[in-house]
There are 4 protein chains.
Amino acid sequence: MAKRAYGIDEIALVPGNRTLDPSLTDTKWRIGNIEREIPIIASAMDSVVDVRMAARLSQLGALAVLNLEGIQTRYAEPEAILDRIASVGKDGFVPLMQELYAEPIKPNLIAQRIQEIKQLGGIAAVSATPAGSSKYGTVAAKAGADLFFVQATVVSTAYLSPESVVPLDLAQFCQEMPIPVVLGNCVTYEVAVNLMKAGASGVLVGIGPGAACTSRGVLGIGVPQATAIADCAAARDDYHRETGNYVPVIADGGLITGGDICKCIACGADGVMIGSPFAKAAVAPGRGYHWGMATPSPLLPRGTRIHVGTTGTLEQILTGPAQLDDGTHNLLGALKTSMGTLGAKNIKEMQQVEVVIAPSLLTEGKVYQKAQQLGMGK
Amino acid sequence: MAKRAYGIDEIALVPGNRTLDPSLTDTKWRIGNIEREIPIIASAMDSVVDVRMAARLSQLGALAVLNLEGIQTRYAEPEAILDRIASVGKDGFVPLMQELYAEPIKPNLIAQRIQEIKQLGGIAAVSATPAGSSKYGTVAAKAGADLFFVQATVVSTAYLSPESVVPLDLAQFCQEMPIPVVLGNCVTYEVAVNLMKAGASGVLVGIGPGAACTSRGVLGIGVPQATAIADCAAARDDYHRETGNYVPVIADGGLITGGDICKCIACGADGVMIGSPFAKAAVAPGRGYHWGMATPSPLLPRGTRIHVGTTGTLEQILTGPAQLDDGTHNLLGALKTSMGTLGAKNIKEMQQVEVVIAPSLLTEGKVYQKAQQLGMGK
Amino acid sequence: MAKRAYGIDEIALVPGNRTLDPSLTDTKWRIGNIEREIPIIASAMDSVVDVRMAARLSQLGALAVLNLEGIQTRYAEPEAILDRIASVGKDGFVPLMQELYAEPIKPNLIAQRIQEIKQLGGIAAVSATPAGSSKYGTVAAKAGADLFFVQATVVSTAYLSPESVVPLDLAQFCQEMPIPVVLGNCVTYEVAVNLMKAGASGVLVGIGPGAACTSRGVLGIGVPQATAIADCAAARDDYHRETGNYVPVIADGGLITGGDICKCIACGADGVMIGSPFAKAAVAPGRGYHWGMATPSPLLPRGTRIHVGTTGTLEQILTGPAQLDDGTHNLLGALKTSMGTLGAKNIKEMQQVEVVIAPSLLTEGKVYQKAQQLGMGK
Amino acid sequence: MAKRAYGIDEIALVPGNRTLDPSLTDTKWRIGNIEREIPIIASAMDSVVDVRMAARLSQLGALAVLNLEGIQTRYAEPEAILDRIASVGKDGFVPLMQELYAEPIKPNLIAQRIQEIKQLGGIAAVSATPAGSSKYGTVAAKAGADLFFVQATVVSTAYLSPESVVPLDLAQFCQEMPIPVVLGNCVTYEVAVNLMKAGASGVLVGIGPGAACTSRGVLGIGVPQATAIADCAAARDDYHRETGNYVPVIADGGLITGGDICKCIACGADGVMIGSPFAKAAVAPGRGYHWGMATPSPLLPRGTRIHVGTTGTLEQILTGPAQLDDGTHNLLGALKTSMGTLGAKNIKEMQQVEVVIAPSLLTEGKVYQKAQQLGMGK
């Protein structure tokens with residue numbers, strides 16, 4: 001009856017006949033009218049992106065998205081707020097977040113944050129929920145934002161709302177916004193095509209796989225990423241063939257290591273959006289913590305706060321040199337090395353490498369190995 | 001040779017083209033002649049349902065089933081008994097339960113409990129084993145019970161008993177009882193159809209999957225729930241097509257989170273029966289403990305007592321607002337949010353959403369994530 | 001290329017249209033010319049069977065096999081030896097076993113043990129390796145043994161030995177022995193048929209699955225039991241059809257609970273051989289420990305000693321009433337209850353019940369449940 | 001879409017109709033012009049092979065490969081260096097390795113190490129990366145090396161390098177070297193054939209499976225070994241059929257027990273290369289530690305140091321008698337016993353034994369067994 005869907009942990013990449021030196025690989029990609037050297041985007045989460053992160057990641061060749069409905073636009077002085085979040089005990093976390101989010105969003109702070117990013121030489125990519133996009137889209141565009149992300153756990157072009165609410169018409173919004181709009185998240189061919197038809201300049205793929213996201217447990221919803229990316233990438237290719245319009249697909253959620261990023265691109269993604277790997281940077285606003293953006297809902301809190309620690313500088317994490325050997329440092333180096341090893345000159349070739357289904361399940365043998373590494377390692 | 005059966009942990013739900021605001025979803029369902037707002041039933045277990053729970057859950061729009069062969073109908077003052085169960089040590093549990101169940105069931109207490117539920121404004125749904133149903137069915141109906149559940153680990157319409165025993169004829173019982181009768185548990189198409197033909201007003205589905213049930217270990221018996229529900233739902237639809245009689249299918253056993261409930265309905269269930277999630281309510285008779293009803297057998301104790309803790313009020317667990325973010329609070333909110341996210345307006349539409357096979361196996365990557373959440377979380 | 005083989009942990013049994021009271025089930029079976037009420041045999045292991053166990057299990061309706069090459073036939077006073085094994089430290093175990101097995105086997109002790117079993121009213125079933133069978137077969141038969149097991153990790157009818165050694169001809173041995181001979185272990189249709197043709201009165205099935213057996217790790221050899229039993233049972237049925245001779249198939253290795261036993265019979269076994277469940281009996285010679293018989297090899301020790309504890313009397317374990325609810329007490333009761341629940345009147349009908357593939361893998365949900373049971377249980 | 005690939009942990013070997021005494025098995029094999037009694041090669045890793053190990057393994061009938069770009073050829077006195085590696089803390093390991101590898105490789109030390117091995121009566125097999133092979137191939141051959149391994153995580157016959165670098169032409173290198181050249185690693189039929197056409201005297205198979213190798217996590221690259229070996233062995237057989245040239249296939253990476261070695265050969269390997277099993281020898285240069293050779297990269301450290309402990313002498317590990325019963329002692333004895341049990345007289349017959357897919361996944365039953373072994377074992 002139901003089809004089998006595969007996760008990133010269940011696949012591996014297979015080298016072919018050619019290899020090439022990593023220095024010969026080209027990781028360039030384009031989203032909207034913006035070209036970037038590195039196909040990695042920092043997630044629109046309080047613990048990951050603030051003005052400083054956005055500017056720094058832009059300079060390094062990547063991209064960061066600022067959440068227009070988070071701490072940064074509710075508080076003029078977010079640093080003290082972030083200190084409180086980092087110091088509250090486990091049990092106090094959900095109540096604190098519900099309290100902090102009771103403070104209203106301030107349009108003037110939206111404009112201010114965008115301008116601060118621009119002043120530091122950054123690309124101002126910003127994000128809001130569909131409801132928030134209706135309210136703050138114009139403010140953001142006027143303040144000089146470069147890219148706008150409309151992002152919900154699950155987005156659709158056919159949203160039924162209560163009569164009292166006028167829902168966001170995604171097609172109309174894309175058309176009216178003077179800047180490129182990225183839409184997500186979705187996991188199927190059909191929805192991806194619909195978002196592209198609505199005018200998306202990029203589509204986010206991923207529901208349920210994230211470390212700080214418990215929607216699969218709470219709602220039962222989620223599609224493993226390898227299958228979701230492959231389906232949405234097929235939608236992109238068909239849409240491109242029919243319209244000549246190439247809409248990049250961005251894998252979002254649950255990615256931790258360089259290997260995860262490589263596998264997403266091999267499944268068909270043009271870029272990836274990551275949260276927890278950047279939350280480990282010394283400069284990250286989370287101060288060693290990471291939490292989902294769904295937490296503040298007073299009715300149904302989802303997401304949780306996890307202590308990811310601070311493992312290095314943002315540069316070490318993104319472009320190396322690595323101090324750690326577990327795949328969480330030098331994500332770009334990992335991508336370039338993987339591309340070289342697989343013989344892929346650029347992102348389009350990387351999307352064509354051979355993939356095998358090879359679950360890294362916890363077998364007895366692996367438990368034995370892990371025991372050696374963890375229990376006896378010093 | 002053998003077919004592959006899937007569990008609830010092995011599937012996930014896939015969003016489609018439409019989404020809708022949770023406030024527009026309708027979770028109404030009907031069992032026998034009773035319409036309920038919430039398709040959740042509290043299990044007929046000593047640790048889950050007493051008079052107060054039954055009344056309160058009725059008022060909240062759900063339903064609870066009182067076990068006619070448990071503590072409540074053996075003891076006039078069950079509170080002291082429940083205190084003893086909650087305070088006995090692990091090793092003393094089985095002997096204590098065997099001792100407590102040596103006390104006979106008192107028909108006058110059966111009548112009294114039913115009347116107490118009615119007096120508090122509740123719906124009096126009661127349950128007994130097939131043997132108990134023969135003995136106490138009439139008493140319960142006369143006392144004003146609204147619904148009668150005949151429930152055994154495995155029920156069949158063809159039961160061979162020793163000559164000295166007259167077995168319960170399920171068809172005759174359904175016909176003679178003046179109130180609707182629900183039958184279970186079963187796991188296959190054929191048995192589900194037979195129970196419907198016998199006159200069931202509802203069929204319980206689930207053998208072996210429950211947290212406080214060890215029948216798979218002890219007896220080797222059990223069918224994973226996703227497959228069992230899908231098969232019995234197919235039986236319901238075929239029976240409905242042929243007879244015009246719609247007999248709801250209720251998934252029973254092993255459900256812990258809101259996501260589990262959503263997945264059962266997506267597999268075809270009309271409602272669910274849950275025990276451990278309600279055992280965690282402050283008002284639950286188990287006082288933070290939960291145990292299976294098979295325990296008292298002196299020959300072959302099955303089921304075990306587990307400490308589930310008290311995590312909130314009954315309202316928080318059933319209708320929110322949630323204090324926990326792990327899917328165990330606000331089960332109705334989770335169902336409505338999931339339905340909205342999946343574009344399902346009502347239970348019938350929720351039964352049609354797309355399901356994928358996506359085992360949430362413990363892969364190495366997930367162990368890594370868990371280690372971060374558990375080991376490093378604060 | 002290779003076919004998928006399934007283990008006992010990967011299957012479950014499905015109830016059908018009929019159920020029956022456990023008291024109506026008949027678990028009788030026949031091996032050689034011996035009829036037994038209970039289809040369970042205690043393994044020929046030092047930690048499981050001595051004279052007392054053999055006699056007691058015979059009286060209870062089951063069977064036990066005494067190892068003719070173990071402690072019992074090397075030492076006139078085995079109790080002191082067993083005390084030493086139970087008290088040695090973990091590191092000293094393998095050297096101690098190598099030392100203890102340097103003591104030669106004494107034919108007069110073989111005869112004495114067999115006579116002791118008979119004097120206590122027991123059935124004297126004994127076991128030896130192929131080499132040991134050559135040497136001690138006649139002694140055992142003369143001393144009054146009732147059944148002879150020729151047992152090796154892997155047995156074949158075509159054994160190539162060094163020139164200096166005359167290998168045991170299994171067919172000749174079966175013909176010349178005045179008592180029935182059981183042969184094993186095997187895992188495939190073809191070898192099972194060959195053993196039957198060689199004159200086996202029973203065939204043992206199982207290579208690699210046992211708790212105290214590490215042959216899969218050491219040798220890479222092993223076939224999951226559900227598949228092995230099904231294949232060998234098919235061999236039995238075909239051989240029976242062709243020759244009229246019914247040779248029972250006995251599942252041997254890795255069985256822990258009543259549910260495991262039920263599943264083996266449902267896969268086609270006529271009986272089971274178990275070690276560790278009986279090693280937990282107060283009367284067991286292992287004194288709470290259990291170890292494999294392959295340990296003493298000076299070249300390649302296999303098997304290991306595990307502490308299984310003493311969990312009850314032999315009667316509690318075999319025929320109940322159970323004190324534990326984890327499936328390790330009242331194995332016969334579990335089998336009869338499972339047969340009743342599945343509608344099987346006798347072993348032949350139990351071999352026909354429906355089996356589904358339903359791996360009880362450690363999913364995230366189950367880890368959650370286990371955490372509740374283990375971590376929070378009291 | 002993608003094909004399913006299987007790991008060594010997911011298969012098991014099936015006994016057939018014949019068995020034979022282990023003393024009758026013949027494990028001889030040939031690589032280049034060298035015949036060896038034991039088809040096991042020690043990996044070219046600092047923690048595994050030095051002059052003494054190479055000589056000793058040669059005398060025992062096996063083979064060891066000395067890394068020409070490791071500690072041994074950078075330092076005249078490597079013992080003090082190895083002491084430092086063994087005593088540094090976990091956090092200091094990567095920086096220390098980066099520092100130690102900053103010391104240049106000395107051609108005169110290459111010659112000296114080869115001569116030392118020869119003087120001790122050993123076979124001098126040496127290894128370098130493709131770049132190192134260009135530089136040091138001639139030196140090694142002139143110094144008297146017997147076998148040359150060109151080894152990279154992934155090797156290909158079509159390597160694209162930056163213009164400033166002249167890449168190693170593998171075919172030319174094989175032709176010009178006066179000694180046999182072994183090439184690797186690869187995982188597919190096509191690349192294996194290409195390496196054979198390039199003149200390889202042996203092909204190493206294995207990418208990503210090793211204990212001290214994190215390329216799957218860092219790069220997403222890796223193919224489970226059972227599938228990789230079977231594919232490359234098919235390439236060998238086809239190439240042999242077409243050219244008459246038999247190029248042995250060597251399984252490399254992730255092998256821990258004797259059973260692992262048996263399974264690789266049953267999948268089609270002619271020999272195996274192992275690291276961590278030998279790192280546990282008292283004589284091993286790692287002093288109880290084991291680490292990957294990819295660690296020193298300043299840009300992207302891969303591999304990690306694990307504490308494997310010292311579990312016995314080299315003889316105990318390779319040829320027994322075993323002191324441990326977990327499959328890590330007496331690897332040759334395990335292979336001969338497995339071959340005898342499976343009825344394989346020699347390596348070619350061992351490559352033909354039946355394989356089943358039988359994942360030794362962590363099922364609930366196994367966790368129960370493990371708990372008994374680990375938690376309650378003494």
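This is a predicted model: local features need pLDDT of at least 70, side-chain atom pairs count only at pLDDT 80 or more; totals for chains, interfaces and linings use all residues.
1. On the α7(B) side, B:Y189, B:A192, B:V193, B:M196 and B:K197 meet B:D231, B:C232, B:A234, B:A235, B:R236, B:D238 and B:Y239 of α9(B), where contact means heavy atoms within 4.5 Å. Helices here (H or I, at least four residues) and strands (E, at least two) are DSSP runs, numbered from the N terminus.

2. As to the geometry of this pair, α7(B), which covers residues 189–197, packs against α9(B) at an angle of about 45°, and the two axes are 8 Å apart. The axes are lines fitted to C-alpha atoms, for helices over the stretch in contact, and the angles run from 0 to 180 degrees between N-to-C directions. The two helices are therefore oblique to each other, given that angles under 35 degrees count as roughly parallel, over 145 as roughly antiparallel, 65 to 115 as roughly perpendicular and the rest as oblique. The crossing in which α7(B) passes α9(B) is right-handed, a term that applies if the near helix is turned clockwise from the far one by less than a right angle, and left-handed if anticlockwise.

3. After the helix comes B:G244, which has a positive phi near 80°.

4. On confidence, chain A averages a pLDDT of 90, and 90% of its residues score at least 70, pLDDT being the predictor's confidence in each residue, from 0 to 100. Residues 363–378 of chain A, however, have a pLDDT below 50, and this stretch has 41 contacts in the model beyond near neighbours in sequence. The scores for the model are ipTM 0.89 and pTM 0.91.

5. Backbone geometry deserves a check at several places, since most residues other than glycine have a negative phi, and most peptide bonds are trans. The peptide bond from A:G320 to A:P321 is cis, with omega near 0°, and A:P321 is found in the loop between α12 (314–318) and α13 (331–342) of chain A. A cis peptide bond also runs from C:G184 to C:N185, with omega near 10°, and C:N185 lies in strand β11 (residues 181–186) of chain C.

6. Although A:R287 is not a glycine, its phi is positive, at about 55°; the residue is in the loop between α11 (276–279) and β15 (289–291) of chain A, and it counts as partly exposed at 28% relative accessibility. B:R287, likewise not a glycine, has a positive phi of about 55° and lies in the loop between α11 (276–279) and β15 (289–291) of chain B, where a relative accessibility of 29% makes B:R287 partly exposed.

7. C:T227, in helix α10 (residues 225–243) of chain C, is buried with a relative accessible area of 7%, and it touches C:K3, C:R4, C:A5 and C:Y6, not counting residues up to four places away in sequence. A:S133, in helix α5 (residues 130–143) of chain A, counts as buried at 1% relative accessibility; leaving aside neighbours within four places in sequence, A:S133 is in contact with A:A128, A:F148, A:V150, A:L168 and A:F173.

8. The remaining position, B:G327, is found in the loop between α12 (314–318) and α13 (331–342) of chain B and is buried, with a relative accessible area of 4%. B:G327 touches A:V218, B:I256, B:T257 and B:G258, not counting residues up to four places away in sequence. Its C-alpha atom is 4.8 Å from that of B:T257, although B:G327 and B:T257 are 70 residues apart in sequence.

9. Two chain pairs do not touch: the nearest C-alpha atoms of chain A and chain C are 9 Å apart, and those of chain B and chain D, which no contact joins, also lie 9 Å apart.

10. On conventions, residues are numbered from 1 along each chain as its sequence is written, while chains are lettered from A and ligands numbered from 1 in the order in which they are written. Local features need pLDDT of at least 70, side-chain atom pairs count only at pLDDT 80 or more, and totals for chains, interfaces and linings use all residues, whereas side-chain values use heavy atoms, with hydrogens and water left out.

Technical notes:
Buried means under 20% relative accessible area, exposed over 50%, partly exposed in between (1.4 Å probe, protein chains only).
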